[in-house]
Amino acid sequence: MHAVRPASPCPNRWWSFAASLAAILSLLVAACAPAGEAPATSAPAAAKPAAATPATGAPPAAAGKPAGGQQSTGTVTVAMVGNTQMKTLEQLKGDFESSHPGITLNLLVLPENQVRDKVTTDISTGAGQFDLVTIGMYEVPLWAKNKWLEELGPTLQQDASYDFDDLIPSVRKGLESDGKLYAAPFYGESSALLYRKDLFQKAGLEMPDRPTWDQVADFAKKLHNPPNQFGICLRGLPGWGEQLAPLDTVINTYGGRWYDENWKAQLDSPESSAAIKFYIDTVRTVGEPGATQAGFTECETLMVQGKVAMWYDATSGADLVFDPKQNPNAANMGMAYAPTKEKPDSGWLWAWAFAMEANSKNKPAAYEFMKWATSKEYVNLVAQKSGWGQVPSGVRKSTYDQAGYKDYAKSFAAITLDSIQKADPTHPTVKPVPYTGVQFVQIPEFQDLGTRVSQEFAGAIAGQQSADDAIKKANDYANQVAKQGGYQK
């Protein structure tokens, strides 16, 4: 049994932390993001569709009216991460407003690092700028303990049309605190390896369903042919939810960890150090150019452009890269489980979900939008208007029962669901740890710690310092945080 620090985070610590975070992330975005940078994702999932029509597998038109005929009014202000699924939602805001004539949506869509900065500052200071915010499994338990979030479970369960029990259990559980739901999942994910089957076949290579990182590195070397083709894309963009999301899973499967049971930093342990050096070396030698500016979206773009042979990242990326409407190489795409070393089932667990700020100024209308955006009917609406490749997935069991989605996702749905169900945030690595989280350490200080550490690793990727120096600084930061936070005695 892994010990989890029981004390809830101190609001004063969160406020001090959030203020410093805002400045740090602002500098980070300015320094690292390319002009016109597309938003990134770390993470995920979807609402569940209604039954498909037998002849075509196409979903019926989405229902528009809110459950129970409620006529809420007012403006709902929402801060959303700007990934593909959220951009589709933004495009369909008119459908919601036309079926809910009393409600106006004010959607702020930003890249991942920026939206985390704004949301954290807003909610920790009680500013109340937003009614709904997109957050995930890292924030929910911490923020719920501080009473910053509205409990959503009772309201969603009372609406029979919402089908609360249709939500995938592991995703729903990850958005709970003390058994209470505080965020409605929009789309969910684990992590997996996407690859070009045609390039493998041409090179005489065969991708196993469950590759090891040693095999992946060997494949990348054989398929690396710059300047037009690179072996693999791995995130290098600094950020605890960017670069560290995939890197943390490598550390875990190598048998490394952030802290031992006494909260002593372990990033410089033989296992963690080997994993970090492997990741840095792989990106530097067979990875994408300009890696320190490459997050989820940038890697996704390189895959669609046919410039990388492999991409290790969120399973949610499969919905786009397997879509012939969005990827000219869709027919040549393949997907394998997250690569491993010592620990099997190394994929992460994440969901991008809508949480309601406790001091929301318009909760009734906010509930209506939240229910609509995470409903079965919304999945059907997206499939009908934009195609199955833009449907939010990884959240509702019924999505995977839809005839149309089954056919569309036959090459990757099974791996996605299996990976989501097997991800275990309470046992992220081989050795015991005092924290929960696969691609994060669930303490409030990690949002700042992870960003600082990822900046050091980015420096090593860019050749500005050695991997050993980056690891030492990262380990020192981790120990400093553990001592100052009262975790390490």
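K145 lies in helix α5, which covers residues 139–145. Helices here are DSSP runs of H or I with at least four residues, strands are runs of E with at least two, and both are numbered from the N terminus. This is a predicted model, in which local features need pLDDT of at least 70, side-chain atom pairs count only at pLDDT 80 or more, and totals for chains, interfaces and linings use all residues. Residues are numbered from 1 along each chain as its sequence is written, and side-chain values use heavy atoms, with hydrogens and water left out.

Buried means under 20% relative accessible area, exposed means over 50%, and partly exposed lies in between (1.4 Å probe, protein chains only). The C-alpha atoms of K145 and D178 are separated by 9.1 Å. Along the chain, K145 and D178 are 33 residues apart.

S177 is found in strand β4, residues 176–177. S177 has 5% relative accessibility, so S177 counts as buried. Which residues does S177 touch, leaving aside its neighbours within four places in sequence? S177 is in contact with P141, A144, K145 and Y182. Contact means heavy atoms within 4.5 Å.

## The disulfide

The structure holds one disulfide. It joins C233 to C299, with 2.2 Å from S to S. The cut-off for a disulfide is a pair of cysteine sulfur atoms within 2.5 Å. A disulfide is a covalent bond between the sulfur atoms of two cysteines. The link of C233 and C299 is left-handed, with -75 degrees about the S-S bond.

This pair links distant parts of the chain, 66 residues apart. C233 sits in the loop between α9 (213–223) and α10 (244–253). C299 sits in helix α12 (residues 296–304). C233 is buried because its relative accessible area is 0%. C299 also counts as buried, at 0% relative accessibility.

## The sheet of three strands

Three strands form an open sheet in the order β8-β7-β9, with antiparallel pairing. Two strands pair if DSSP finds at least two bridges between them. Strands of a sheet pair through backbone hydrogen bonds, either parallel or antiparallel. The edge strands are β8 (310–314) and β9 (333–337), and each pairs on one side only. The twist averages 30 degrees from one strand to the next.

Strand β7 covers residues 191–196 and runs antiparallel to β9, with five bridges joining them. L193 stands opposite A336 in β9. Helix α12 packs on the sheet and touches β7, β8 and β9. The direction of α12 makes about 145 degrees with that of β8. Angles run from 0 to 180 degrees between N-to-C directions, and axes are lines fitted to C-alpha atoms, for helices over the stretch in contact.

β7 and β8 pair in the antiparallel sense over five bridges. S191 stands opposite A314 in β8. Why is β8 described as largely enclosed by the rest of the structure? Five of the five residues of β8 are buried, so the strand is largely enclosed.

## The sheet of five strands

A second open sheet has five strands in the order β2-β1-β3-β10-β6, and its pairing is mixed. β2 (103–110) and β6 (184–189) stand at the edges. Each has a single partner strand, so one side of each is left without a neighbour in the sheet. The twist averages 15 degrees from one strand to the next.

Strand β1 (residues 74–81) and strand β3 (residues 132–135) pair in the parallel sense over two bridges. The bridge partner of V78 in β3 is L132.

## Helix α18 and its partners

Helix α18 (residues 446–461) packs with helix α19 (residues 467–484) at an angle of about 170 degrees. Their axes are 8 Å apart. α18 is therefore roughly antiparallel to α19. Angles under 35 degrees count as roughly parallel, over 145 as roughly antiparallel, 65 to 115 as roughly perpendicular and the rest as oblique. Residues in this contact include L449, V453 and F457 of α18, and I471, Y477 and V481 of α19. By class, the contact has 11 nonpolar, no polar and three charged residues. Ala, Val, Leu, Ile, Met, Phe, Trp, Tyr, Cys and Pro count as nonpolar, Asp, Glu, Lys and Arg as charged, and the others, Gly among them, as polar.

The axes of α10 and α18 come within 11 Å and cross at roughly 85 degrees. The two helices are therefore roughly perpendicular to each other. L244, L247 and D248 of α10 meet F446, G450, S454 and F457 of α18. This contact has four nonpolar, two polar and one charged residues.
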